[in-house]
Amino acid sequence: MLADRNAMAAIAPPFSPSAPPPAARWLRRLALALPFAGLLLTGLFIWRAEAAHAALRDTTIAQASDRAQQLAAAKALQIEGLLSAADLALRQFRDQVLQGNPAEVEAAVRRVAEVLPDGAIVHFGLADARGRLVYPPAASQGGVAPDLSGRTDFRAHAASVEDRLVVQPVLMTPRGGQWVLPLSRPLRRDGRFDGIVLLALSPAFLADALARQQVSTQDAITLIHADASYIARNAALDKVLGRSAPTSWPLLRPDAPSQGRARDTSVIDGRSRIYAWYRLDRLPLFIAVGFDEANVLAPALAQQRRARLRMATLAP
């Protein structure tokens with residue numbers, strides 16, 4: 001019996017009081033793993049939160065692009081309406097010129113001036129078949145009748161048999177130094193070209209129309225000629241007249257669609273904007289609406305900052 005006990009004692013491993021039991025070892029490993037698991041879960045949460053913020057940013061930009069596109073279409077219709085009214089006035093002026101009654105010509109000019117806002121029309125004009133400006137009379141032009149024969153609109157009307165409205169880029173009047181947007185139609189007697197009639201619109205009048213219903217003072221709504229020259233802008237008009245938009249703009253490319261969207265930085269004030277454009281029907285003009293990107297994204301970025309502060313507070 002004693003021998004059996006000795007034999008069993010010899011077989012059993014020696015007991016070491018310093019070795020922890022298996023349960024303690026498992027608990028220690030778990031304690032070591034918990035911080036890593038917490039870091040992993042925190043990282044996963046941060047990744048998902050940042051992905052959600054990126055999705056919110058993309059959605060916000062897409063919604064702003066939709067609004068810009070809608071506003072561009074609305075502004076295009078507004079400008080088309082204003083130019084149609086100006087064209088109607090121009091044709092009425094032409095009708096009186098063809099009748100040859102100077103008193104009726106002056107009466108037609110006064111009627112138009114009474115209907116449109118003050119300063120909308122700078123002047124009416126009439127050039128003969130050689131391009132000499134015969135109305136207003138030379139006396140009102142400083143005694144010398146300007147020669148319009150070299151202008152693009154005059155040459156276009158002289159070379160065509162169509163009765164169409166031509167919209168020139170803005171130009172500065174030789175006397176007075178005032179920026180104007182020239183509209184013109186041909187004058188024909190018995191089917192023969194006999195000159196052109198002109199109506200000079202004020203770019204400031206068009207700029208006032210563009211400035212209505214703007215969302216933010218940092219937004220830009222611009223009327224641009226197909227040759228890339230600026231015609232009017234809702235703000236900083238004096239900074240754009242006589243300048244041209246970058247030809248790299250998508251709307252100015254030869255294959256550009258009649259409407260579209262882009263994100264770009266303005267060459268006028270250096271602000272990044274979300275743009276949409278719309279081309280006017282039958283006229284070489286574009287409306288470009290640009291929503292200030294910082295203003296558009298401000299709510300989404302504020303939400304992102306609040307979420308990051310919460311995560312920094314709860315992070316281990």
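Modeller: In this predicted model, a salt bridge is a side-chain nitrogen of Lys or Arg within 4 Å of a carboxyl oxygen of Asp or Glu. The general idea is that side chains of opposite charge can pair when their charged atoms come close.

Biologist: How many salt bridges does a search of the whole structure find?

Modeller: The search of the whole structure finds 13 salt bridges. One of them brings together the side chains of aspartate 66 and arginine 261, with 2.6 Å from N to O. This pair links distant parts of the chain, since aspartate 66 belongs to helix 2 (residues 22–99) and arginine 261 to strand 9 (residues 259–265), 195 residues apart.

Biologist: Are aspartate 66 and arginine 261 buried, exposed or partly exposed?

Modeller: Buried means under 20% relative accessible area, and exposed means over 50%, with partly exposed in between. Aspartate 66, at 33% relative accessibility, is therefore partly exposed, and arginine 261, with a relative accessible area of 42%, is partly exposed too.

Biologist: Which residue forms a salt bridge with arginine 94, and which parts does the pair tie together?

Modeller: The partner of arginine 94 is aspartate 163, and their closest N and O atoms are 2.9 Å apart. Because arginine 94 lies in helix 2 while aspartate 163 lies in the loop between helix 4 (152–158) and strand 3 (166–167), the pair ties together parts that are 69 residues apart in sequence. Arginine 94 is buried, with a relative accessible area of 10%, whereas aspartate 163 is partly exposed at 43% relative accessibility.

Biologist: Which arginine in strand 5 does aspartate 163 link to, and which residues do salt bridges that share partners join into one network?

Modeller: Aspartate 163 also forms a salt bridge with arginine 185, and here the closest N and O atoms are 3.1 Å apart. Aspartate 163 sits in the loop between helix 4 and strand 3, and arginine 185 in strand 5 (residues 179–189), so that distant parts of the chain, 22 residues apart, are linked. Arginine 185 is buried, at 8% relative accessibility. Through shared partners, salt bridges join Asp87, Arg91, Arg94, Asp163 and Arg185 into one network.

Biologist: Let us turn to aromatic rings. How many aromatic pairs does a search of the whole structure find?

Modeller: The search finds four aromatic pairs. In one of them, phenylalanine 93 and tyrosine 135 are 5.6 Å apart from centre to centre with 45° between the planes, which makes the pair tilted. Phenylalanine 93 is in helix 2 and tyrosine 135 is in strand 2 (residues 133–135), so this pair ties together parts that are 42 residues apart in sequence. Phenylalanine 93 and tyrosine 135 are both buried.

A second example is the pair of phenylalanine 154 and phenylalanine 193, with 5.6 Å centre to centre and 75° between the planes. Planes over 60 degrees apart count as edge-to-face, and this pair is accordingly classed that way. It links distant parts of the chain, with phenylalanine 154 in helix 4 and phenylalanine 193 in strand 6 (residues 192–201), 39 residues apart. Phenylalanine 154 counts as buried at 6% relative accessibility, and phenylalanine 193 counts as buried at 17%.

Biologist: Which residues do ring pairs link into a cluster, and which residue does a cis peptide bond join to tyrosine 135?

Modeller: The cluster linked by ring pairs holds Phe93, Phe124 and Tyr135. The cis peptide bond joins tyrosine 135 to proline 136, with omega about 0°, and proline 136 is found in the loop between strand 2 and helix 4.

Biologist: What lies at the start of helix 3, and which residue caps the N-terminal end of helix 5?

Modeller: At the start of helix 3, a side-chain oxygen of asparagine 101 comes to within 3.1 Å of the backbone nitrogen of alanine 103. Serine 202 caps the N-terminal end of helix 5, its side-chain oxygen lying 3.2 Å from the backbone nitrogen of alanine 204. The buried residues of helix 3 include Val105, Ala108 and Val112, and those of helix 5 (residues 203–211) include Phe205, Leu206 and Leu210.

Biologist: Where are alanine 228 and arginine 282 found, and what phi does each take?

Modeller: Neither is a glycine, yet alanine 228 has a positive phi of about 85° and arginine 282 has one of about 60°. Alanine 228 is in the loop between strand 7 (220–225) and strand 8 (230–233), where it is buried with a relative accessible area of 4%. Arginine 282 is in the loop between strand 10 (272–279) and strand 11 (285–292), and at 79% relative accessibility it counts as exposed.

How values were computed. Residues numbered from 1 in each chain as written. Predicted model: local features only at pLDDT ≥ 70, side-chain atom pairs only at ≥ 80, totals over all residues. Heavy atoms only, no water. Helix = DSSP H or I, 4+ residues; strand = E, 2+ residues; numbered from the N terminus. Buried < 20%, exposed > 50% of the residue type's maximum accessible area, 1.4 Å probe, protein only. Polar contact = N/O pair within 3.5 Å; in protein donor to acceptor, adjacent residues only side chain to side chain. Phe/Tyr/Trp six-rings, centres within 6.5 Å; stacked < 30°, edge-to-face > 60°.
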